[in-house]
Amino acid sequence: ESALHFHAPHRANGAIEIDGLINQLHQDIARIATLPIPYFAWIFLDPDRYIHRHGYDSAIHEYLQKLEQLAARWAEKGIMIVAHSDHGLVATEHSPELEHYLHQYLKRKGLTMGGAGRTRWLYVPQQLSTEQVISELSANLPADVEVAKRSDYFPPTEPLAERVGEILLISRSRLFLAEPGIKYEHGSLCRDEWEVPFAIWGDAS
């Protein structure tokens with residue numbers, strides 16, 4: 001059994017129900033538009049699960065085009081629509097060689113892995129030298145896997161720091177660790193993960 005930390009598989013195996021999702025969104029906006037006072041509403045859309053398994057395929061492009069058309073129609077009626085994303089996803093391919101090496105290394109050293117997606121971290125037992133582990137991993141892992149100290153990205157005063165392992169493994173290329181069936185992932189520092197859309201339809205003055 002692998003010592004690596006894998007999450008439950010994403011559920012979006014089937015086709016995306018584009019028209020059903022768009023119609024539901026239209027009904028939600030219509031209910032908001034009937035309110036007697038100015039109103040701010042936040043509606044969560046989740047194509048993320050689908051993109052994880054299928055990437056930015058023709059179905060996603062059609063879905064986004066219909067979202068844009070719907071937003072434009074409501075903007076013509078005086079409703080301002082804002083759309084944004086919290087992150088992008090990039091093509092990611094699971095590396096059995098990387099998994100095998102880490103599985104053997106973690107087992108031999110007594111390390112445990114946390115994190116998810118394109119950034120994982122390692123919890124180092126007190127009896128081991130974090131610097132020594134970093135040195136060994138840096139010498140043996142592919143060059144496109146960044147091996148970093150926790151403090152390189154999380155200052156000690158950061159509240160989240162205590163939840164993160166002492167060593168970070170950050171993907172810098174397509175090959176990394178991926179859950180079964182996953183083709184696109186996020187969580188690292190690639191430009192397409194960080195630069196996300198922010199669109200406005202209607203009067204934003």
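**Sheet and helix packing**

Strands E5 and E7 (residues 167-171) pair in the antiparallel sense over 4 bridges; two strands pair if DSSP finds at least two bridges between them. This is a predicted model in which local features need pLDDT of at least 70, side-chain atom pairs count only at pLDDT 80 or more, and totals for chains, interfaces and linings use all residues. Residues are numbered from 1 along each chain as its sequence is written, and side-chain values use heavy atoms, leaving out hydrogens and water. Helices (H or I, at least four residues) and strands (E, at least two) are DSSP runs, numbered from the N terminus.

**Sheet**
- The open sheet has 4 strands in the order E4-E5-E7-E6, with antiparallel pairing.
- Its edge strands, E4 and E6 (145-149), each pair on one side only.
- Thr119 has Ile170 in E7 as its bridge partner.

**Hairpin**
- Antiparallel strands E4 (residues 112-116) and E5 (residues 119-123) are joined by 5 bridges, and Thr112 stands opposite Tyr123 in E5.
- The hairpin of E4 and E5 has 2 residues between the strands, and Gly117 in the turn has a positive phi of about 60°.

**Helices H1 and H3**
- The axes (lines fitted to C-alpha atoms, for helices over the stretch in contact, with angles from 0 to 180 degrees between N-to-C directions) of H1 (residues 18-33) and H3 (residues 58-76) come within 10 Å and cross at roughly 20°.
- H1 and H3 are therefore roughly parallel to each other, a term for angles under 35 degrees.
- Contact (heavy atoms within 4.5 Å) involves residues including Leu25 and Ile29 in H1, and Leu67 and Trp74 in H3.

How values were computed: Parallel < 35°, antiparallel > 145°, perpendicular 65-115°, else oblique.
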